[in-house]
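Subject: The structure, with notes

Hello,

Here is the structure I promised to send over.

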Amino acid sequence: MFRKFHIIGLVALSALSLNAQKIKNTQLARPKLVVGLVVDQMRWDYLYRFYGKYGEDGFKRLLNKGYSLNNVHINYVPTVTALGHTSIYTGSVPAIHGIAGNDWTDRTTGKNVYCTTDESVQPVGTTNTKVGSHSPKNLWSTTVTDELRLATNFQAKVVGVSLKDRASILPAGHNPNGAYWFDDSNGNFVTSSYYMKDLPQWMKNFNAQNLPEKLVANGWNTLLPISEYTESSPDNSSWEGLLGSAVTPTFPYSNLAKDYQTKKDNIRYTPFGNTLTLKLAEASIEGEDLGKDQITDFLAVNLASTDYAGHKFGPNSIEVEDVYLRLDRDLADFFKYLDAKIGKDQYTVFLSADHGGAHAEGFMEAHKMATGFFGENAEKTLNTLLNTKYKYDKLVMGIDNYQIYLDQNYMKANNLNSTEVADYLVDELNKDQTVLFAVNLKKVGEAPIPEPLKTRVINGYNWQRSGDIQLISHDSMLPPYSKTGTTHSVWNSYDSHIPLIFMGWGIKNGESNKDYNMTDIAPTLSSLLKIQFPSGNIGNPIVEVLGK
Ligand SMILES: [Zn+2]
């Protein structure tokens, strides 16, 4: 009897150790770290317009060692920041994930809402409530970063960093280890009580270095001799905006250090905002021990200065070119850092953009391309028009994201048929020479507008948060606030065609001209990591990038 037990015991023991061995050998293979690099307002064509000026180890390393998708479009309108970051990380669209604009009007309360404002949370690292009271509470879907946390019983670490609150908060999802953004009032990176009670020591140390001040200390001059910027318009072009106290839009920007002291947001418009963000990315890897153990971590980085510079100077300015050339060098340093810290081929990077940007109106005009402005005083004009018919001069509450919001409460109280009012306005708007289509958003399905516009309008229409009428302007027509520089928001390729490159662990080398959507990024990452798709996902994994 004893002997029998003994044998059974031995068998059980060896089975146990065999099992342990098996578990060890069958440990799921995953990268140590995933780094998302979302370059704000990066048009796809910037990869190639500046190709000859890039070094070997930044954008070219991604292109030559990674897998580049040349035809990725944003499959909704409006193509703006908060929606781009959210759709990349959720694999979903505004109709489903709830982030319907950077700002929107809540249909039930009639209140204007900023996408990440949350008055129930307190600022951390700043006393400025406007800067610090933010959270992802308006985000309805999970993100790929949420799913990684869920898949690993919250052992995977997730951190989001950006100059912009929304571009840090929305990618990092509902339960990250931290999300940090820049506070123009004190020059520090801050967070909110949604995430933590106090900034971690590593972040305090990072802020104490006063890096922004050091980065702008020598002003901003071009990286290469200015005569070599043959890809861009002359430095002093009338359609460029002015930076800080500069009186012309020209290099060198010698007052930058002083301008930064006066108004700290000046760093945002310069390449140094990107340098700062990548330095913070490195500090968060060190501070949170990202990529140190076998459990995959995720660092979501947004490079926002490209967007600020684009808005101010326009895509064809030397300023924007210089921002990209310097970002290229910063990326090369960052990849070198990751090689040393995480290990070459131990991490996966993807680079994409939240949206592109139109050429400046003045630039297009000067080169005989169709362009112009639309919607100047639109709210007033439309209300005057509606007043004649309905005897009320505030039916249009506002125009946001190229969508007209009608006062639903007023119409209800006064027995006005809202569909009839919207249809009347649509008919009137369609007579406007600057409007390509105006569509009653409740009836997009039956509107005679071509694909892919129709699908993009439907994908962008959130029943609780979007407006009543979608305006689609003629190509390259800009809203009046962009008299210098540029903006973005529309369906056209200049706004919707984005770069997408994967590189590193689990990624093949190559490129493809097949059509994909922004919403395919998250499910591709989910497939790479063998985790669940985000809850609102409508995309498909891009299988051709996966493998060795
Ligand atoms: Zn923008």
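The domain bounds used here come from an automatic or database domain assignment. On that basis the chain is divided into domain 1 (36-365 + 490-545) and domain 2 (376-433 + 435-473).

Two words on the source. This is a predicted model, in which local features need pLDDT of at least 70 and side-chain atom pairs count only at pLDDT 80 or more, while totals for chains, interfaces and linings use all residues. Residues are numbered from 1 along each chain as its sequence is written.

**The chain as a whole**

There are 21 helices and 18 strands in the chain; helices (H or I, at least four residues) and strands (E, at least two) are DSSP runs, numbered from the N terminus. The radius of gyration, taken over C-alpha atoms, is compared with a globule rule of 2.2 Å times the number of residues to the power 0.38. For 548 residues a compact globule would come out near 24 Å, and the chain has 25 Å, which agrees. Along the principal axes, the C-alpha atoms fill a box of roughly 100 × 60 × 50 Å.

Of the 548 residues, 53% count as buried. Buried means that 20 or more other C-beta atoms lie within 10 Å of the residue's own, exposed means 12 or fewer, and partly exposed is in between, with C-beta atoms placed from the backbone. Two residues are in contact if their C-beta atoms, placed from the backbone, lie within 7 Å. Among contacts with a separation of 6 or more, 73% are between residues 24 or more positions apart.

The centres of domain 1 and domain 2, taken over C-alpha atoms, are 32 Å apart. Their contact takes 19 residues from domain 1 and 22 residues from domain 2. On the domain 1 side, helix H5 (94-97) and strand E3 (103-105) each supply at least two residues, and E3 gives the most, with three residues. The residues on this side of domain 1 divide into 11 nonpolar, five polar and three charged. Here Ala, Val, Leu, Ile, Met, Phe, Trp, Tyr, Cys and Pro count as nonpolar, Asp, Glu, Lys and Arg as charged, and the others, Gly among them, as polar.

Helix H13 (residues 305-313) is mostly covered, with nine of its nine residues buried. Its cover includes strand E1 (33-39), helix H4 (81-90), helix H12 (271-287), strand E9 (297-303) and helix H14 (318-343). Just after H13, Gly314 takes a positive phi of about 85°.

Helix H8 (165-172) is also mostly covered: eight of its eight residues are buried. Among the elements covering H8 are helix H7 (144-151) and strand E7 (178-183). Gly173 follows H8, and its phi is positive, near 80°.

**H12 against H14**

The axes of H12 and H14 come within 9 Å and cross at roughly 10°. Axes are lines fitted to C-alpha atoms, for helices over the stretch in contact, and angles run from 0 to 180 degrees between N-to-C directions. Angles under 35 degrees count as roughly parallel, over 145 as roughly antiparallel, 65 to 115 as roughly perpendicular and the rest as oblique. H12 and H14 are therefore roughly parallel to each other. The residues of their contact divide into eight nonpolar, two polar and five charged.

**Some single residues**

Ser162 sits in the loop between strand E6 (158-161) and H8. Ser162 is buried, with 30 other C-beta atoms within 10 Å. Leaving out residues up to four places away in sequence, Ser162 touches Ala167, Ser168, Trp181, Thr277, Asn302 and Ala304.

There are also cis peptide bonds to look at. One joins Phe251 and Pro252, with omega about -5°, and another joins Glu451 and Pro452, with omega about 5°. Pro252 is in the loop between helix H10 (211-216) and helix H11 (256-262), whereas Pro452 lies in the loop between strand E14 (435-440) and helix H19 (453-460).

Finally, Asn210 has a positive phi of about 55° although it is not a glycine. Asn210 counts as exposed, with 11 C-beta neighbours inside 10 Å.

Best wishes
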